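Here is a short report on one protein model.

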Amino acid sequence: MDHIDTLFADATSPTTTSQPQPYLVLDIGCNKGYTSADFLDALSPGTNMNPQTLVTAIRAIAKEDNTKFDRDGGVCNDSKKALNRDRSTVRDVEVHCFEPSPATYDMLKRAHAKLMPKEDDDGGAKWFIHNKGLHSTNGEMAWHSACAHAVGDELCTIVDEGTSDAITVPVVTVDKFLEETYPSSSSSELPLVHMLKIDAEGLDPAVLQGSMNVLTQNRAIMVMFEFNPGLSEKGDHPHGMWGRNGNPRVTLMEVTSWLDDIGYDCYLDTHLPDENEKNKGVLEAPGLYRITGDCMSKEPSVRGWANVVCASRKYGNVAERLLELATIVQT
């Protein structure tokens with residue numbers, strides 16, 4: 001995330017936006033909050049909310065409860081990421097963290113109280129935490145019983161109505177959330193979202209469908225979502241829309257083709273091998289592969305999961321920067 005503040009600032013110069021607004025990040029599928037912490041460190045490092053301070057708060061909460069949270073430093077050792085070298089700058093940033101699990105939501109609220117107890121209504125960085133799921137509809141849905149008690153449980157996903165022990169969690173579309181949270185906006189003029197990040201346990205296509213207005217208006221500068229086809233093929237708890245058994249099945253090529261049609265360039269951000277995988281002979285590969293423009297025409301096969309990163313061509317400097325970083329392959 002080096003220099004992402006400069007990238008966003010250039011994209012939102014007076015020629016592209018009518019008036020200044022805080023950097024706006026939607027962190028959908030917040031889990032333990034490490035993506036939120038990453039963005040707060042990148043955009044407002046002087047706030048001192050970052051992956052390292054977050055893991056300290058999470059472990060303090062676990063100690064208070066005489067327990068230990070599974071993977072408390074993040075699934076990919078997120079708490080050990082290098083911090084922004086700038087440790088003093090404070091900017092106006094609003095990060096909205098959406099977490100459907102009541103147990104994880106409670107932990108995040110307690111972490112917020114420890115790390116950001118005195119947010120200033122007049123500016124600075126703010127971290128808003130919502131006990132909601134994001135989907136293609138507004139209302140309520142049944143969620144796996146793991147959401148109720150286990151902090152950060154990967155099984156916390158939508159299940160069929162009538163599932164035994166399921167809990168009910170409110171769900172909302174991205175478009176509806178923006179209209180209600182920023183009432184000066186409307187469906188025809190939504191606020192500018194600098195980063196729309198989605199990690200919805202295989203339901204990312206549904207969240208994108210619920211973001212129809214903000215995306216077709218090109219009011220999201222960047223979009224990042226998870227592509228994890230293996231979730232629908234799990235033995236005990238298959239779920240999600242990607243993969244052979246997706247319900248309903250959606251392909252990555254369908255999603256990125258639609259995003260291309262409305263003005264977004266997309267790239268596959270691969271899951272780079274860790275040390276154990278390297279020792280087993282898994283080869284290094286470039287991190288970013290271009291999908292848009294028929295650079296990738298077949299559904300990719302990924303190890304575990306991969307992120308997809310997209311940039312609106314309306315904000316040329318951002319789209320051009322991703323193109324500079326990417327590897328072009330033909331499949």
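## Helix α9 and its buried face

Helix α9 covers residues 252-261, and its buried residues are L252, M253, V255, T256 and L259. Buried means under 20% relative accessible area, exposed means over 50%, and partly exposed lies in between (1.4 Å probe, protein chains only). Helices (H or I, at least four residues) and strands (E, at least two) are DSSP runs, numbered from the N terminus. Viewed down the axis of α9, the buried residues fall within an arc of 160 degrees, so they line one face of the helix. That arc is taken from the directions from the helix axis to the C-beta atoms. An α-helix has 3.6 residues a turn, so residues three or four places apart point the same way.

The model is predicted: local features need pLDDT of at least 70, side-chain atom pairs count only at pLDDT 80 or more, and totals for chains, interfaces and linings use all residues. Residues are numbered from 1 along each chain as its sequence is written, and side-chain values use heavy atoms, with hydrogens and water left out.

Contact here means heavy atoms within 4.5 Å.

T256 gives a residue-level view. T256 sits in α9 and counts as buried, at 4% relative accessibility. Leaving out residues up to four places away in sequence, T256 touches C266, I291 and V308. After the helix comes G263, whose phi is positive, near 110 degrees.

Two strands count as paired if DSSP finds at least two bridges between them.

β7 (residues 193-198) runs parallel to β8, and five bridges join them. In this pairing, K197 stands opposite M224. β11 pairs with β8 in the antiparallel sense, over six bridges. There, F225 stands opposite V308 of β11. V308 is also one of the residues that T256 touches.

## A three-strand open sheet

Elsewhere, three strands form an open sheet in the order β4-β6-β5, with mixed pairing. The edges are β4 (133-134) and β5 (139-143); each has a single partner strand, so one side of each is left without a neighbour in the sheet.

β5 and β6 (residues 167-172) run antiparallel and are joined by five bridges. A142 stands opposite T168 in β6.

## Disulfides and other cysteines

The structure holds two disulfides, a disulfide being a pair of cysteine sulfur atoms within 2.5 Å. One is formed by C30 and C97, with the sulfur atoms 2.2 Å apart. The torsion about their S-S bond is about -115 degrees, so this disulfide is left-handed. The pair links distant parts of the chain, 67 residues apart: C30 is in the loop between β1 (23-28) and α2 (34-43), while C97 is in strand β2 (residues 93-98). C30 is buried at 4% relative accessibility. C97 is buried at 0%.

The other disulfide joins C266 to C310, S to S 2.1 Å. With 105 degrees about the S-S bond, this link is right-handed. C266 lies in β9 and C310 in β11, so the pair ties together parts that are 44 residues apart in sequence. C266 has a relative accessible area of 0% and is buried. C310 is buried too, with 0%. C76 is partly exposed, at 42%, whereas C295 is buried, at 8%.

## The chain as a whole

The protein has 11 helices and 11 strands. Buried residues make up 52% of its 331 residues. Among contacts between residues at least 6 apart in sequence, 74% join residues at least 24 apart.

The accessible surface comes to about 15,600 Å², and 48% of it belongs to carbon and sulfur atoms. Accessible areas come from the Shrake-Rupley method with a 1.4 Å probe; for residues, only the protein chains shown count as cover.
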